[in-house]
Amino acid sequence: MTPSDLTELESSLLAEIAAADSLEKLEAVRVSVLGRKGKITEQMKGLSSLEPSARKTLGQILNQIKDRLTKAIKTQQISLEATELKNRISGETSDVTLPPRPRKIGHIHPISQVMEECVEIFGEMGFLVAEGPDIEDDFHNFTALNIPPEHPARQMHDTFYLPENDEGSRLVLRTHTSPVQIRTMENNSPPIRIIAPGRTYRSDSDATHTPMFHQVEALVIDETTHMGHLKGCIIDFCRAFFGIPDLPVRFRPSHFPFTEPSMEVDIGCIRADGELKIGNFGEGADNWLEIMGSGMVHPKVLEYGGIDSNKYQGFAFGMGIDRLAMLKYGIPDLRTFFDTDLRWLSHYGFVPLGVPSMIRGL
Ligand code: PHE
């Protein structure tokens, strides 16, 4: 074919494309032009039998023609699609009596819910929320909390260590929220009244332990705060959290390097038929469940935090909130919290505020 033959072929093909008045017809034209046996494809194949110079000229022309035809097909396709859509829409009617499709809404994870509840209760008592990093240095996680290098508490905490850095020290995933006590003291002067909810990490995994879990820490420091305040604050919190006004709360002597004296806090419960219920079950029911550690802040810890321990004193406590969530909402296995299973979440999760629901109302 000569260049002018090709020009003629192009115009006739362009006319065919323009004449295709449906997507099916256009597809048929496309195959007949650019398909494996299409007219342009055949011409391309024919090039190999030509002399190099003719092959070059005709090849170039053919490529340009092919580009223009491809574009023309695309343009025609877009315009046919628009027409078809317009026709379809104008033929449709909407049935305004149909009920709306249910809107999918997310659920609040029980951990987030419980954290919010803690923030709300302590917020009413005048606490502010403080935060600290999940990746801590040895000083804030241990040393400043009066846990020196060889202290057995370091082993007890089953710490996750990061690889050694250039200065030869190793950062850790914080094993408790207590380092936020130190960070708060470093950056604020008393009076201090904070809670610190957050993630914590220990190398531990079974039905009641996950390597990542959550705690809420509380710290109060001023000139006059004493054990009576500690007890009152914790008792009020426990009763408000579980919604049980006469919930028994017991303080048992214990030991933490960062508090002196230290107490573990137990709440009343009953174990029956393999079930654990929180509440007041009368005199005889001597069943207790430990839920937090607490104590008066150790003077050394105040000093590490840059606070004068002759002038100031206070209390601190820390609790695991995953377990609080399990207890309050009857969730049997801790590990399921972190399986990211949507079915689990829609069962145990909470409907966000502001979304109308059968359970909660508006
Ligand atoms: N950090 C302690 C723990 O993780 C809890 C605690 C906090 C105890 C504050 C006393 C005071 O077990």
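Tutor: On a 1 Å grid over the protein atoms alone, a pocket is an open set of points where a 1.4 Å probe fits, with protein on both sides within 12 Å along at least five of seven lines. Here, the space taken by the ligand is the largest pocket. Keep in mind that this is a predicted model, where local features need pLDDT of at least 70, side-chain atom pairs need 80 or more, and totals for chains, interfaces and linings use all residues. Residues are numbered from 1 along each chain as its sequence is written, and side-chain values use heavy atoms, without hydrogens or water.

Student: Which residues surround the ligand, and how many are there?

Tutor: There are 14, with His176, Ser178, Arg202, Gln215 and Glu217 the closest.

Student: How much of the ligand does the protein bury?

Tutor: Of the 330 Å² that the ligand exposes when taken alone, 91% is buried by the protein (Shrake-Rupley, 1.4 Å probe).

Student: Which elements give two or more residues to the shell around the ligand?

Tutor: Strand 5 (212-222), strand 9 (288-297) and strand 10 (313-320) do. Strand 10 gives the most, with 3 residues.

Student: How many helices and strands does the chain have?

Tutor: 12 helices and 10 strands, as DSSP runs (H or I, at least four residues; E, at least two).

Student: Why is the chain called more spread out than a compact globule?

Tutor: Its radius of gyration is 36 Å, well over the 21 Å that the globule rule gives for 362 residues, so it is more spread out than a compact globule. The C-alpha trace spans about 105 × 65 × 40 Å along its principal axes.

Student: What joins proline 190 and proline 191?

Tutor: A cis peptide bond, with omega about 5°. Proline 191 is in the loop between helix 8 (179-187) and strand 4 (192-201). Glutamate 260 and proline 261 are also joined by a cis bond, omega about -5°, and proline 261 is in strand 7 (residues 259-272).

Student: What about the phi of asparagine 146?

Tutor: Asparagine 146 isn't a glycine, yet its phi is positive, about 65°. Its place is the loop between helix 6 (138-141) and helix 7 (152-156). Most residues other than glycine have a negative phi, and most peptide bonds are trans.

Conventions
A residue is near a molecule or strand if one of its heavy atoms lies within 4 Å of it. On a 1 Å grid over the protein atoms alone, a cavity is a set of points where a 1.4 Å probe fits but cannot get out, and a pocket is an open set with protein on both sides within 12 Å along at least five of seven lines; lining residues have an atom within 4 Å of a point. A molecule sits in a cavity or pocket if more than half of its atoms lie within 2 Å of its grid points. The radius of gyration is taken over C-alpha atoms; the globule rule is 2.2 Å times the number of residues to the power 0.38.
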